[in-house]
Structure formats: structure tokens, C-alpha cells
Amino acid sequence: MRHFLDALKNVGTIAKSFVRPRVTVEFPKQLRPRAERYRASFALLHEADGDEACIGCLQCERICPSKVIAIKGPVKRDSPITGKKRSYADDFTLDLSACIFCELCVQVCPTDAIVMTREQEEPAYGRETLVLTMAKLYENEKSKTRAWGDGTKLMGMQVPPKPPAEAKPADAPKPVEAKPAEATKPVEAKTAATPPPEAPKPVEAMAAATPPPDAPKPVGAEPAGTANAPKPEVKADGPAGPNGGTS
Amino acid sequence: MTQLTVSARPRPNPYLPIDSLDPEAELMLLHFGPQHPSTHGVFRMDLYLDGEIIVKAVPYVGYLHRAVEKLCEKLTYVQQTPIVDKNDYVAPMTNEQALVMVFEAMLKLEVPRRARWMRSLFAELQRIASHLLAIGTFSLDLGGALGGGSTAFIYCFRERELILDLFEDVTGSRFHYNTHTIGGNRHDLPVGWGAKVKAALELIESRMPEFAALTIENHLFQQRTKGVGVLEGALALELGITGANLRASGVDHDLRRDAPYSAYDEVKVKVATASGGDCYARSIVRVEEVKESIRLCRALLDGMPEGPINSGKPVKLPVQTKIPVGQTYVGIETPRGELGTWVIADGTQNPYRLKIRPPSLHALAALPYILPGQTVSDAVAILGSLDPIMGEVDR
């Protein structure tokens, strides 16, 4: 008898699920919306003036835990756009089949050259298809939706003056649609210019979730706007290495 | 430690050779696994059967060995976080946390308050997700008793997906987050994330009575689990079993309360225990812990402090982090019990030795003690109730 009652109860539970909205989607026809920060594949970016942003500094190759990035370079040559001498990567290969998508290469990139895309999974018939050559990476820049993160943003989120960095998720769509303005200069200018409009965002957003006082915000916002963007760039290239060595 | 239940049943000796138990060689040897769907991965047991009763059980592990510890010796400290994500693949968030906490302890690095609270929040959300999966797969293991069992499994899976979506919003990944870094966290909470978490918690809390009705309140479930696979508290302590399996045996032990880390010194944990030590008690403890975790998540979310999320400089070069000579052990309470990491550092950017103490391995150590005397069908239930994850058993 009690088993019968249990069964009735369970049937009631299952019946409730019939009227609930569906949570699954039919995959190939319909795609689930992916988060802003979703990490799926990679792209190499151009600077605003059309020059390659990668300077071949090998930082991503060094930090990659599964060693899937191979870079030839850096080589110094004249830029076809500006005519000035600067360093380039001769060749850039990323083996997606062994990648663990840890986002460390994106984080360490000093020129925000490598970013992740947030397209859906891409199955392949062979391993060769999964090896992203330099041409494929630059093609991904045009053909795929960019994920939110790049080096400056990921680093900026972690350095102490936080409020402006935290507001960035809100304006993430902008860099996705906008022309890849990944040169160090425009990024600095952007972050320096934007803090005033950005600053109120975390206040109202956090007020909904967390009541604590918002006193430190205006204080934190000012140094962040001026010091936030340039700092990781300057420090990482020069003093970070020797500094790390001593500590 | 209060009084521990001691049963009259003599404890079987797993080291007794099979010849002494079976001089006539009349017992049947059943290879359970390694590809059996109820072994939660690749796990093999040799079961010596007298009819349907197990006389002796010999577990074999190592089918999923990936040399994670050796790999950690070869990688620099900052590169190891994404690697250990894959150990306990049902609760990756706590794996990272355990690893970076030991590095922070060795570097004597202060973690900002906001980062600590975020870590606790992530850990509690991960605990909900992990226990939901444990409850679901356990009812799948019980099989026919629950009308196939897959109803409860799919329902639990559906609710778990909500939490993975929340993690995807923060870190960009559903499983291998790589969001902890030495000195804090890598990803800050996005705007409006708190409201999403609250909505998800609300939904899961409202569905908990349904899960309970499908599993622990179901009389068939109770008949399959009550008195099955009794693990005594004294034996559990001897074998180093921790987590929900230990608390179900009546031992009130939880590192979140006994040795508070992250935000648990400010947000107090009410530890759920049960007596009996059988499969039913272990299920009860898991259901209670989900409820407690939902409460903790709300408290952590409401009190989430402002401030920086990382005390050190962000990771830039692999050689940036060097740990001075010494050795340290740090253990934290993961959904499965105490996950400890022991590191010997030699002053370079790689550890000299890194040992991971997985809670699931110790849980499996109980099998030779509690399986004899049970039937084969109960062996599946007992293994499922211990909730082992082979990825962390074999590493």
C-alpha cells in the first residue's frame, strides 16, 4: 500500500515536470546563449591601423601549461603600415586538440593580441583541422564572436583598484562589435576616458545584490582610471621578470 | 566525538587470503568492472561469491592514472591550477582552491576578504552541484527500485546545470574554470550575477522536496538502503574516511567548522550528521548538506564585501612565483571530504614534490570491510553511496 502511495506521489512529481518549461534545446537547429566570458576557440587580432598586434614576445608560449602554442620569432622588420621597425611573430601555431582552455595565454598577452572566441564547439574530422595556423587565427578575428576577456581586462580585474574593472562586463558587447582597437594606446585612452560613466554602474548593480556601503568607490575609481591600464603593460615587460626572480 | 556505534558483527579481515576462506575452491569469482556503468568511472573489484553473498572483495584502482602529481612537479606553480581541475571532475572548483591555498600558506600570502568570500561562495555552489549529482547517480545505481531511477537522475542533472551556467557566467567555462590564482581570484563577479544566483537557489530549494520524495522518502529506496553497507564510525576514522561518509557514521567532523578557512570563520556552518552509517544515512547527510549549502550561499552573497580580489600581482610570467624552501600540508572540505595537498618546495618555480590526498580513495578503502556479507546488487548500492570519483582516486 505504501509503495503504491509512493508511486502516486512520484507520478505527481513527474506530471508537474510535464507542464514546466523545457530546459533542453535541439542542438544543431538552436544554440544556447553562451556567456560573455565563454571560452571556445582563439583569434589573433589586428591593431586599429591594420597592423598585426602580436609582437612575438613568447609570453603565451611560456605560460601555456599544455605547450600547445608554437611561435617562430620574434623578428624585427619594418611595419607595412607605419614603416617603423617593430617585432613580429613569424609564425604562430595553436594546437586546439590539446588545449585546455585555461585562458592564461590571453591573460599574459601584453598587446591584447590573442583573445578567445565564444562560438559553439567545432567538431572536426581530423587532427589537422584543429591546428590553428596563423592564417586561421587571423581569419577567426573576422568570422567569430569574441569573448569578453583580453589581457588588459583580465589583468585589470585583478589589480587592487577594482570598481572600474568590475563595470567592464556591462559594456562587453562594445568591443565585440567595434573594430579591433587593440593597440596599447587606444585601450589606454578608452579606459582613461570611460571611468566617469562606468563608475555608477557597479554602485547600482551591487546595491541590488549587496547592501554594504559604497564609500570607497569614488576613491578607488580615480587611481584606477589613470593607473589601471598602463600599469600591467609597463610592469610586465620590464620589472616583472627580475622582480619575480628575487621574491 | 560522541559515542560511536559498534555492531556485534565481527569486522572482516580483508588481508585474509582467499584460500583460507575457500579451501575447496567452490566460490565464484566475479569481476565487477572496470567498464561497468555502476562503477562510477573505471574501477574494478574481484568479488568472491557464495551464491549471491559476497565473501571477499578485492578492489583495484589505477585505471585512470594520469600522473597528475608528477606533471605538477614539471610545471610551474602558476600553471598547475588548470591541471588539477581535472582531478575531481564533479567538483573542480574545490580542487583549485585546495591547491592555491597551500601555495598561499607557503608564501604567507594574505588573500583579500572579497576573494575569500568568493571562494567560499563558489565552493558552496559547487557542493550543491556535486551532491545533486551524487543523489542522482545513486538513485540510478539503485535502478529498478525507483522505476529505472533515471527520473531522479535527470531531474538532479537538470538543476545542476543551473549552477554550471552560473560558473560559466563568472569564469567562462563550465568545468575547467581556472579561476583561482595564487593570492586571490582571476575573475570578478559580473554585474547582476547575484540576482541570477538567488533565482537559481530559489529554484533548487523549491525542487528539493521533489528530490526527497523521489529518493529518501520513497519506501522502496529505504528498503534498498537501510541497514545496507553499514560503516562503523571507528572503522571510518581508522581508514581516514572524511566528508559525508564519515558524518553519516555519527562522527561530527567538518573542516569548514573545525579548522575554518576562507570565509567560514565569519559564516558559520551547521554540520549535518546522521547515525547508522548505512547507505540511507549517507544519502540523508547529502540531502541535508545541499539545504545547508543553499543557506550558506545566501549568507555569503548577502554579505559579499567590496574590495580587490587579488593580493599579489596578476600572473604574467611562469617564473614570477617562487616558493621558498619548506613543506606544508593544507586540507579543505570538498563535497567528498578532506582534500589535502602536501607540497615540498625547493625554492625554484617548480615544487619538488606535490602530493594530493583525495577523499574518494579513502572512501574506497572501506569496501573490503563493508562488502562481505552483502549481496551483489547491494554492492552496486554501496559503491554508489560512497560517491567516489575515479578521477581523483587515481589522479
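The legends below describe close-up views of a predicted model.

**View 1. The two domains of chain B and their contact.** Chain B is divided into domain 1, residues 18-60, and domain 2, residues 68-394. Between the C-alpha centres of domain 1 and domain 2 of chain B the distance is 30 Å. Domain 1 of chain B puts 19 residues into the contact, and domain 2 of chain B puts in 19 residues. On the side of domain 1 of chain B that touches domain 2 of chain B, the elements giving two or more residues are E1, E2 and E3 of chain B. E3(B) contributes the most to that side of domain 1 of chain B, with 7 residues.

**View 2. The open three-stranded sheet of chain B.** The 3 strands are ordered E1-E2-E3 in chain B, and their pairing is antiparallel. Strand E1 (28-32) and strand E3 (53-60) of chain B are the edge strands; each has a single partner strand, so one side of each has no neighbour in the sheet. From one strand to the next, the twist averages 20 degrees. E1(B) and strand E2 (residues 44-50) of chain B run antiparallel and are joined by 5 bridges. Within this pair, His31(B) is opposite Asp46(B) of E2(B). Helix H15 (residues 376-386) of chain B lies across E1, E2 and E3 of chain B, and runs at about 150 degrees to E2(B).

**View 3. The largest nonpolar core.** This core holds 144 residues, and those touching the most other members are Cys105(A), Ile114(A), Cys297(B) and Leu300(B). Helix H5 of chain B, residues 113-142, is the element that gives the most to the core, with 16 residues. Domain 1 (18-60) and domain 2 (68-394) of chain B each supply at least three residues to this core. In soluble globular proteins, nonpolar side chains tend to be buried together. Apart from neighbours within four places in sequence, the contacts of Cys297(B) are Leu121(B), Glu124(B), Leu125(B), Val197(B) and Leu201(B).

View 4. Asp88(B) sits in the loop between helix H3 (81-84) and helix H4 (92-107) of chain B. Around Asp88(B), 28 other C-beta atoms lie within 10 Å, and a residue counts as buried at 20 or more; Asp88(B) is therefore buried. Once neighbours within four places in sequence are set aside, Asp88(B) is in contact with Asn95(B), Thr334(B), Arg336(B), Ile389(B), Gly391(B) and Glu392(B). Gly51(B) is 37 residues from Asp88(B) in sequence, and their C-alpha atoms are 36 Å apart in space.

**View 5. A strand hairpin in chain A.** Strand E3 (residues 75-78) and strand E4 (residues 85-88) of chain A run antiparallel, with 4 bridges joining them. Lys76(A) has Ser87(A), in E4(A), as its bridge partner. The hairpin formed by E3(A) and E4(A) has 6 residues between the strands, and Gly83(A) in the turn has a positive phi of about 80 degrees.

**View 6. Helix H1 of chain A.** Helix H1 of chain A covers residues 2-19, which is 18 residues. At 1.5 Å a residue it should span 26 Å, and the 27 Å between its end C-alpha atoms agrees with this. The number of buried residues among the 18 of H1(A) is 0, so the helix lies largely in the open.

Definitions and conventions: Residues are numbered from 1 along each chain as its sequence is written. Chains are lettered from A and ligands numbered from 1 in the order in which they are written. This is a predicted model: local features need pLDDT of at least 70, side-chain atom pairs count only at pLDDT 80 or more; totals for chains, interfaces and linings use all residues. A nonpolar core is a set of buried Ala, Val, Leu, Ile, Met, Phe, Trp, Tyr and Cys residues joined through C-beta atoms within 7 Å. A residue is buried if 20 or more other C-beta atoms lie within 10 Å of its own, exposed if 12 or fewer, and partly exposed in between; C-beta atoms are placed from the backbone. Domain bounds come from an automatic or database domain assignment. Two residues are in contact if their C-beta atoms, placed from the backbone, lie within 7 Å. Two strands pair if DSSP finds at least two bridges between them. Axes are lines fitted to C-alpha atoms, for helices over the stretch in contact, and angles run from 0 to 180 degrees between N-to-C directions. The expected span of a helix is 1.5 Å times one less than its number of residues.
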